[in-house]
Amino acid sequence: MTHRPTHEPLRPVRPHPADTGTTAWDGSTPEPAAVDPAVLAALLHRHGWHRRGGAPGRYGRWTPPGPGGTTSLLVPDSRAFPDSDDLLGEALLALSRSGTPSAREILVSLSVPSDEIRWWRDLPTGPAGTASWTVEEQLRSAARRVLLAGALATRARTGYHGARHRRSAAASLANVLVGPAPDGRRLTAFVPVTTGRPLAVRLHHALFAAREAVDYRRATGAMDAFDSAVAAGVSHELTEALVTLVRGTEGARVAVAWAPAAGVPEGCAAFAEPVEFSPGDLPALREAGARYLRAEPSVPVRLTGTVVRMRRTGPRGAGTVRLRVLAGADVPHVRITLDEEAYRIAGHAHLVGLPVRVLGRLESRGGFRRLTGACEVAPVQVDDAERDRLLKDLQENLDVFGEACGEE
């Protein structure tokens, strides 16, 4: 067995490999001048550290949770005394060298003021407290889906999002930091206040609304509470994420804790117990997810997009066109079945480097990826630079215009 030297800095918290983008923390210890002693004390208390005396009104002595803790921090109560920066510097250095798991999370929250979202899963243990190989990935996958559902809810309150807003919602997670998931039982995400506070607030409300709707369903047999929970951010995507989180466990919990440096957002409690879900909640969550999926109506839209694929079985007749959406709906692509004349217009528009505009209904079935009832297909004028770019795309992808090219 190897041991990390006490003088070696803690490894920085890394984003999950499935996530893209860069993080806002490089793993360095924050400067004492940038740390508010009250914020540090609040974070120590949140993570279970204990104040063991100290000079009242001057500093406090904090020790880590659990038995065998050897780290002791002297944290000033304020900056009113000349040695405050020295004490803060020593405390931050001790945290960076501490083997206590929470020390790393405290440093992240100090460096990047963040709301913390925590997940716990109660799992059967194997020999010597081990867990199966896949449980950590299962927890990370479920946590990402929960965050994505919260991000989607900040963009629209609807029972089923499908492909709508998914690109922008996923992009909003790029700066979320994530800690380790020991044994697949616990995971913490740090959502920067500057970019992610709306996500954390919406998720906070949605989790409690989902819990209340499940309780109402189990007590009365009625699903009405899930309908009203949509306004709080509950959706098909969130119920499916919670099913993924709970499935295979003896229970799971999610909690949101606000960044001490930013304060409590309006309409939220300063402290709230974790929201718990159990295997007994799975039938209600699955039923709600299916209900949201069925109930979401199709949407009338007028789309502008560029043709990226065309297919029909013969030289004449109707055909299928795939558009990359430029405007009219927040989805990346749609598939449209066009009659012979509309199919010809779409093909000619692309051959001369022009997008097309089309009127129809965006169908919820399939995730809002299909446009039905398409009509009024017409080319759209664009500037020369955009037209040249579209023509270059055409030259690089001439195979998409075979009259009988392969399936998508």
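Trainee: A polar contact is a pair of N or O atoms within 3.5 Å, and within protein one must be able to donate a hydrogen and the other to accept it. With that in mind, which backbone oxygen lies 2.6 Å from a polar atom of the side chain of threonine 249?

Mentor: That oxygen belongs to valine 246. Please keep in mind that this is a predicted model.

Trainee: And which backbone nitrogen lies 3.0 Å from a polar atom of that threonine 249 side chain?

Mentor: The backbone nitrogen of glycine 251 does.

Trainee: Where is threonine 249 placed?

Mentor: Threonine 249 is in the loop between helix H8 (236-246) and strand E7 (251-257).

Trainee: Is threonine 249 buried or exposed?

Mentor: Threonine 249 has a relative accessible area of 8%. Buried means under 20%, so this residue is buried.

Trainee: Which residues does threonine 249 touch, not counting those up to four places away in sequence?

Mentor: Threonine 249 touches Arg121, Asp122, Leu123 and Pro279.

Trainee: Let us turn to the sheet. What is the order of the strands in the open sheet of five?

Mentor: The order is E5-E6-E4-E7-E8, and the pairing is antiparallel. Strand E5 (177-178) and strand E8 (275-277) are the edge strands, each pairing on one side only.

Trainee: How many bridges join E7 to E8?

Mentor: Three bridges join these antiparallel strands. Arginine 253, for instance, has glutamate 276 in E8 as its bridge partner.

Trainee: Now the aromatic residues. How many aromatic pairs are there?

Mentor: The count comes to two aromatic pairs. In one of them, the ring centres of tyrosine 160 and phenylalanine 368 are 5.8 Å apart, with the planes at 35°.

Trainee: Where in the chain are tyrosine 160 and phenylalanine 368?

Mentor: The two are 208 residues apart, and their pair links distant parts of the chain. Tyrosine 160 is in the loop between helix H4 (135-153) and helix H5 (166-171), and phenylalanine 368 is in the loop between strand E12 (356-363) and strand E13 (370-379). Tyrosine 160 is buried at 10% relative accessibility, and phenylalanine 368 is buried at 0%.

Trainee: Which residue lies over the face of phenylalanine 368?

Mentor: Arginine 164 does, at 3.7 Å from the ring centre.

Trainee: What about phenylalanine 226 and tyrosine 292: how do they pair?

Mentor: Their pair is edge-to-face, with 6.4 Å from centre to centre and 80° between the planes. Phenylalanine 226 is in helix H7 (residues 224-229) and tyrosine 292 in helix H9 (residues 282-295), 66 residues apart. Both phenylalanine 226 and tyrosine 292 are buried.

Trainee: One more residue: where does serine 98 lie?

Mentor: Serine 98 lies in the loop between helix H2 (84-97) and helix H3 (101-111), and it is buried at 2% relative accessibility. Its C-alpha atom is 9.5 Å from that of proline 64, 34 residues away along the chain.

Trainee: Finally, what pLDDT does the chain average?

Mentor: The average is 82, and 84% of the residues score at least 70.

Trainee: Over residues 1-23, how many contacts beyond four places in sequence does the model have?

Mentor: The model has 36 such contacts there, although pLDDT stays under 50 over residues 1-23. Residues 398-408 also have a pLDDT below 50, with 28 contacts beyond near neighbours in sequence. Where pLDDT is low, the predicted coordinates should not be read in detail.

Notes: Residues numbered from 1 in each chain as written. Heavy atoms only, no water. Phe/Tyr/Trp six-rings, centres within 6.5 Å; stacked < 30°, edge-to-face > 60°. Helix = DSSP H or I, 4+ residues; strand = E, 2+ residues; numbered from the N terminus. Buried < 20%, exposed > 50% of the residue type's maximum accessible area, 1.4 Å probe, protein only. Lys NZ or Arg CZ within 6 Å of the ring centre and 35° of its normal. pLDDT = per-residue confidence, 0-100. Contact = heavy atoms within 4.5 Å. Pairing = 2+ DSSP bridges.
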